[in-house]
Amino acid sequence: ERRLALESALFERLRMRVLAEAARQRTAARALATADALLSLARVAVERGYVRPEVDGGEALEIVDGRHPVVEAMLPADSAGFVPNDVALASSARGAGHERVGEPLPQLLVITGPNMAGKSTVLRQTALVVLLAQMGSFVPARRARVGLVDRIFTRVGASDDLARGRSTFMVEMTETAAILHNATRRSLVVLDEIGRGTSTFDGLSIAWAVAEHLHDAVGCRTLFATHYHELQDLARERPRARNLTVAVREVGDAIVFLRKLVHGGASRSYGIEVAKLAGLPAEVLARAREILHNLEALEVDEAGHAALARGGRRAGRRAAEVQLGLFATPADPRQEAVLRELGALDLDAVRPLDALNLLAGWKKRLGP
């Protein structure tokens, strides 16, 4: 009993001594925690070649040779390394400090490209660069200018909440609604595949309307990755929208992902090629290609505008009314599809064998 009493007295004495030094201990703990955090950020910056970003009160976001900090760190040592990309954005024209010589920075970037090419990586690395810059860290880029962002809104991935009666699509729409109600011109919005969980027409319609609202009403900096190639027509209908695509090269029957973000839009998602790699039967793949050609046949209206934008264009850009002649011959959808593909063809990047294959394919589709 005396031993237990002595032990209790010694412990109580220790407690009182610690309490007397509590303020100094908390100060030392805060200093150590700050030093540890700053040392960690500094060490990562030195080891991975990060740079100090320029953070200002403007509404521009310019990243030169940006990289994804986690993906870059996870690449094997014998790989070719992470392929960096540039991103340039600014809020609506009402903002200040984001004008380039000649033209303003885009506000909405519609990013298309094949499956597994790296669209989601570009979206997420942009958000991470902004987050790192505003928390005081160096960033994985060659140069970065970050206008202050009040919040980063993301709509990525696919998940459900069945316990609460919410499907995958309902979760997606709930998150999208939160973005549209709460985003401001100072926000950064990252959208990855809006409208996947419902019918094609429903999803495409919602995706188009969401992009229009972010461009026209909210005016925030937005990156929108999608496989709905029809959304590329937003660049024709909205002045601050631009198309970017992740480059890919076809080598025979194989696909080589270049991981490089370039100006322009993708003409294909190569989903059927991915399905082929997964082992779908040949007859299913052949029928899928046939159906795909049919769906791609009509995408613009009589005046050459995106058919999806009819009825929602800005004032002064209404489609001209077209009066059909009495003896006019209805346009052949197959011919129109071939003409669009021909117009979008990059002649400098087409090999002679590829050109012959394209001609053979067009001739087969047009028939005798």
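A polar contact is a pair of N or O atoms within 3.5 Å. Keep that in mind for the first of these close-ups, which come from a predicted model.

**View 1. Thr226 sits in the loop between strand S8 (221–225) and helix H7 (234–237).** Look for the side chain of Thr226: one of its polar atoms lies 2.9 Å from the backbone nitrogen of Tyr228. Is Thr226 buried or exposed? Its relative accessibility is 0%, so Thr226 counts as buried. Once neighbours within four places in sequence are set aside, the residues in contact with Thr226 are Val110, Ile111, Thr112, Lys119, Glu193 and Leu231.

**View 2. Helix H5 (residues 168–182) meets helix H6 (residues 200–218).** Two packed helices are described by the angle between their axes and the distance between the axes. Here the axes come within 11 Å and cross at roughly 15 degrees. Angles under 35 degrees count as roughly parallel, and therefore H5 is roughly parallel to H6. The crossing of H5 past H6 is left-handed. Which residues make the contact? From H5 come Phe169, Met173, Thr176 and Leu180, while H6 brings Ile206, Val210, His213 and Leu214. Sorted by type, the residues of this contact are six nonpolar, two polar and no charged.

**View 3. Leu38 belongs to helix H2 (residues 22–48).** With a relative accessible area of 53%, Leu38 is exposed; the cut-off for that word is over 50%. Now find Gly136, which is 98 residues from Leu38 along the chain. How far apart are the C-alpha atoms of Leu38 and Gly136? They are separated by 9.2 Å.

Conventions. Residues numbered from 1 in each chain as written. Predicted model: local features only at pLDDT ≥ 70, side-chain atom pairs only at ≥ 80, totals over all residues. Heavy atoms only, no water. Axes fitted to C-alpha atoms, helices over the stretch in contact; angles between N-to-C directions. Helix = DSSP H or I, 4+ residues; strand = E, 2+ residues; numbered from the N terminus. Parallel < 35°, antiparallel > 145°, perpendicular 65-115°, else oblique. Left-handed = near helix turned anticlockwise from the far one by under 90°. Contact = heavy atoms within 4.5 Å. Nonpolar A, V, L, I, M, F, W, Y, C, P; charged D, E, K, R; others polar. Buried < 20%, exposed > 50% of the residue type's maximum accessible area, 1.4 Å probe, protein only. Polar contact = N/O pair within 3.5 Å; in protein donor to acceptor, adjacent residues only side chain to side chain.
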